[in-house]
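Reader: I'd like to learn how to read a helix and its surroundings, and then the charged pairs. Could you walk me through them with the model in view?

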Amino acid sequence: LRMATPCSVDEQGTTKVTDQQDDVSSTVQNLKLTGAQVNSSLVENGEGDDDTAVASATGEVAKAKKKKKKKKKVAGDDSTKESEPVSVAGLDKMEESGACAIVNGDGTESPEASHKKKKKKKKAAAKDDAHVMPKTDILLLYDGTYREPREPKPVKSQTYPPSIPVCELYPDEEFPKGMEMPYGINDVTAQQRVTSEEKRALERAQADVYNDIRQAAEAHRHVRKYMQTVIKPGRTMIDICTELENYSRLMIKENRLDAGLAFPTGCSLNHCAAHYTPNAGDNTMLQYDDVCKVDFGTHINGRIIDCAFTVAFNPKYEQLLAAVKDATYTGIKEAGIDARLCDVGERIQEVMESYEVELDGKTYQVKPIRNLNGHSIGPYRIHAGKTVPIVKGGDATRMEEGEFFAIETFGSTGRGVVHDDMECSHYMKNFDAGHIPLRMARSKQLLHVINQNFSTLAFCRRWLDRLGQTKYLMALKNLCDVGIVGAYPPLCDVKGCYTAQYEHTILLRPTCKEVISRGDDY
């Protein structure tokens, strides 16, 4: 056998490593003699002594030993250790480990050795490729799947019930993203948006806005996660709303118009679909057979999160809730840049009406409530102008890049149409209201309070009570009559039916679609 490394095999089958050991030994001996001769001459001339001679010889020996060690180390790197002879039985192991390669008599590598080398290279390449990550800002897969981002992580865990504001959980002020989705699976233009440097630059320019609304979304998730565990039959609606709003103010770290609640907590029951929150003195109690729509919002610097879910304790309503949730997710899937609003509504209606629910032995088709819609959202403006219908035949206006939308759907076992009913509790200053002269001093004072605490965000009578306002109903009516403030009474279907609601806020980013309010629950 011939070895590629500097080693040889003797007749007994042991391998010996060839080196310069004999030369090193002779060099050391010569150095010893040279040192002795030099020192002896120094002693004869009176310039040295025996101790000097011994020390000189010792130093030369030490240097020779160091050189010998270095040569041993070099020889060991190029071949096997010279202190341990390698047996023939160990050649196979050396060959597998790559310490030596068996070659043919003509100096070429054997077929088996080359095959093993290729196999080893393939394994190493596969291992390296497994650790290579694509260089992209977002992880989107165009086979219809997506990955929810997990970064950044909070520095500490939230308590139960929640007591740590979201801004303290993320002291670096980088808040988690929502669920990112591509605009189209087979749309080449949508795929190019992901890697376009121009689109990424546009996103970086809006980083502060995105971070504000993500902070509001994170606060919303913490609050609803807790409230879903404490909303139980037997509690009054005013108690549930007060607790939810208190935790929301704590999570968002309320600061007047810079951070706080975006609108009053909706807790509409059964046939009432939206815009109900209890006024002072309302002792309505949640029952086991009720269907309660919990709709509340948070905001940071006017960037609003509008998100809602439905609570039902009786399992007979499961299909009703499933129909509305599926319709909402369908609307989110269909939404996107250049999507026509009427097409989104048509798909929502198609999905919702495919469900049926059996209640007390009677089967009902789940109907979308045609005069309730999703909507675009602007800074300090819950309804920014565009409406997202939930039935076909709506407006052909298209969604645009950079817009925020609340995709919400309502399903009903009744007629599928709502009307104003019950006592009004929701109010909001008109966004486009200019200066209107007021004669009543109480109206001027109430308008000042509204401007300072709510501006153009929605509010309710309970919130005016909380601010210490009393005997304000006449002044509030006057503001509504002159057009400065708008009243939004509860919206109800026919009595005896049941309605459900699910809602998410989405952002049409330049590169992808982000469901900002998405959480682990829904």
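This is a predicted model: local features need pLDDT of at least 70, side-chain atom pairs count only at pLDDT 80 or more; totals for chains, interfaces and linings use all residues.

Reader: How many residues does H12 have, and what does it reach from its first C-alpha to its last?

Author: The expected span is 1.5 Å times one less than the number of residues. H12, residues 441-453, has 13 residues and reaches 19 Å, close to the 18 Å expected.

Reader: Which residues of H12 are buried?

Author: Buried means under 20% relative accessible area, exposed means over 50%, and partly exposed lies in between, using a 1.4 Å probe and protein chains only. In H12 the buried residues are Ser 443, Leu 446, Leu 447, Val 449 and Ile 450. They cover an arc of only 160° around the axis, so they sit on the same side of H12; the arc is taken from the directions from the helix axis to the C-beta atoms. Their cover includes strand S17 (458-460), helix H13 (461-466), helix H14 (473-481) and strand S18 (485-488), where contact means heavy atoms within 4.5 Å.

Reader: Now the charged pairs: how many salt bridges does the count come to?

Author: Side chains of opposite charge can pair when their charged atoms come close. The rule asks for a side-chain nitrogen of Lys or Arg within 4 Å of a carboxyl oxygen of Asp or Glu, and by it the count comes to 25 salt bridges.

Reader: Which residue forms a salt bridge with Arg 224?

Author: Asp 521 does, with the closest N and O atoms 2.8 Å apart. This pair links distant parts of the chain, 297 residues apart: Arg 224 is in helix H8 (residues 207-230) and Asp 521 in the segment after strand S21 (513-515). Arg 224 is buried at 0% relative accessibility, whereas Asp 521 is partly exposed at 33%.

Reader: Is Glu 403, the partner of Lys 386, buried or exposed?

Author: Glu 403 is buried, and so is Lys 386. Their closest N and O atoms are 2.9 Å apart.

How values were computed: Residues are numbered from 1 along each chain as its sequence is written. Side-chain values use heavy atoms; hydrogens and water are left out. Helices (H or I, at least four residues) and strands (E, at least two) are DSSP runs, numbered from the N terminus.
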